[in-house]
Amino acid sequence: MPGDKSISHRALILGALTVGETRILGLLEGEDVINTGRAMRALGATVERRGEGAWHVRGVGVGGFAEPASTLDFGNSGTGCRLVMGAVAGCPVAATFDGDASLRKRPMRRLLDPLERIGARVMATGEGGRLPMTLQGARDPMPIIYEPPVASAQLKSAVLLAGLAAPGETTVIEAQATRDHTERMLSHFGAELRSETSGAHGRRVVLRGQPELVAASIAVPADPSSAAFPLVAALIVPRSELVLEGVMMNPLRTGLFTTLAEMGAQIEIVSRTTEGGEEIADLRLRAGELRGVSVPAERAPSMIDEYPILAVAASFANGTTRMRGLKELRVKESDRLQATADMLRVNGVEAEIEGDDLIVHGRGRVPGGARVATHMDHRIAMSALVMGLAAEKPVMVDDSAFIATSFPGFVPLMQGLGADFG
Ligand code: S3P
């Protein structure tokens, strides 16, 4: 399984803000993460791949970024772009951020509000506050108390990364807890950070600014969001049995596993350990009957990237699956709510969008045979191809190039499991 994308981005960015040399094992070598590595180089850090696949980052220290000579291009990656915007916002340098046609459509204004409060200035933006954008980082960053208007780990992380350079305490109060890799890694590098529950589903994170981050090793565990594709393939292709090794089980990432278990999936945890501050497990999957379920909106942050592949599993289930509260899916690499519904419908599955909910009427079988529009979205492409493994007729995608952003080994890995790509 490829390394976790969220942790890989953070390892490069935080490594670049430490003093000393950070060694990263298992870094995801997908296009998104490679672009973040390039940005760190442009901002003055040394980023190198050495023997046996280990990556080494020599940092510049908190607040120490140099002004980049050219535009920072994040390709397809919202995470890379937004996290680096946060890190740059706390440094007295100007940088221009850009990306591909998909990233240029995604909202950035939500991020600029807190970064401007911290002291960054927006010098130029594309239409509607979108990319390309030039940001002047703060000379004297201010600590803020921030309550994100949407559940977004990218937003939270950008504010914490900017707050690193501010004196005093930067606080983020989330109404709904999102993935906490930034917090865990900040603590790992020696920052003083407190995280406590807030309300029914939220967290309050307090970071003491201007720490000296000290380089440390990082072992990147396997990405549960990537594991989701072979995992669902094993559940829907009759008579399959598969073991996935070393999958990260951070509870803020495992909503899909919970949901599939409620659908009747046979997912057995065969071993569990902790590595680099994250719990990891080997999972044994066996194909079997699935039933429709209702997925509560509160679960969305812990499986935000998994709805397209869950919708595929729901198509092969018996009964209706209702996935609630998916508004954020509209602003991912594509309008993923619409793209997922379209992927199912063209392949003969009955599905509808009701407000922010996706409803899939599973009939235990999928006719397939259609070509899916992927809209520059890696997760739509992989979901459609997994659907094709168990559909009555093969499923085609209009473009498989974006799979390399997060899962460059997807095709050979699936071929190794018996998939036939034409
Ligand atoms: C990510 C956060 C999520 C997720 C993305 C990775 C991260 O985005 O969709 O793939 O690494 O912080 P949002 O924070 O915008 O929900």
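This is a predicted model: local features need pLDDT of at least 70, side-chain atom pairs count only at pLDDT 80 or more; totals for chains, interfaces and linings use all residues.
A backbone N or O atom of A153 lies 2.8 Å from an oxygen atom of the ligand. Residues are numbered from 1 along each chain as its sequence is written, and side-chain values use heavy atoms, with hydrogens and water left out.

**Ligand surroundings**

- The residues around the ligand are S6, R10, T79, A151, S152, A153, Q154, R179, I304, D305 and K332; a residue belongs here if one of its heavy atoms lies within 4 Å of the ligand.
- In the side chain of R10, an N or O atom is 2.7 Å from an oxygen atom of the ligand.
- For the side chain of S152, the distance from an N or O atom to an oxygen atom of the ligand is 2.8 Å.
- A polar contact is a pair of N or O atoms within 3.5 Å; within protein, one must be able to donate a hydrogen and the other to accept it, and residues adjacent in sequence count only if both atoms are side-chain atoms.

**Domains**

- The protein chain is divided into domain 1 (5-128 + 144-219) and domain 2 (224-416), with bounds from an automatic or database domain assignment.
- The C-alpha centres of domain 1 and domain 2 lie 28 Å apart.
- In domain 1, 26 residues are in contact with 24 residues of domain 2, where contact means heavy atoms within 4.5 Å.

**The sheet of β13, β14 and β15**

- Helices (H or I, at least four residues) and strands (E, at least two) are DSSP runs, numbered from the N terminus.
- Three strands form an open sheet in the order β13-β15-β14, with antiparallel pairing; two strands pair if DSSP finds at least two bridges between them.
- Its edge strands are β13 (241-248) and β14 (266-275), each of which pairs on one side only.
- Neighbouring strands of this sheet are turned by 15° against each other on average, direction ignored.
- Axes are lines fitted to C-alpha atoms, for helices over the stretch in contact, and angles run from 0 to 180 degrees between N-to-C directions.
- β14 and β15 (residues 278-286) run antiparallel and are joined by nine bridges.
- T273 has I280 in β15 as its bridge partner.
- Helix α7 (residues 224-236) packs on the sheet and touches β13, β14 and β15; the direction of α7 makes about 165° with that of β13.

**The sheet of β16 to β19**

- Four strands form an open sheet in the order β16-β17-β19-β18, and the pairing is mixed.
- β16 (294-295) and β18 (350-354) stand at the edges with a single partner strand each, so one side of each is left without a neighbour in the sheet.
- Six bridges pair β17 (residues 318-323) with β19 (residues 357-363) in the antiparallel sense.
- Helix α9 (residues 307-316) lies across β16, β17 and β19, running at about 30° to β19.
- Helix α10 (residues 336-346) lies across β18 and β19, running at about 160° to β18.

- Strand β10 (residues 193-198) pairs with β11 in the antiparallel sense over six bridges, and V205 in β11 is the bridge partner of S195.
- Three residues separate β10 and β11 in their hairpin, and G199 in the turn has a positive phi of about 65°.
- S217 is found in the loop between β11 (202-208) and β12 (218-219).
- Not counting residues up to four places away in sequence, S217 touches R23 and H188.
- E52 lies in the loop between β2 (46-49) and β3 (55-58); although E52 is not a glycine, its phi is positive, about 60°.
- P132 has its place in the loop between β6 (121-124) and β7 (133-136), and a cis peptide bond with omega of about -5° joins L131 and P132.
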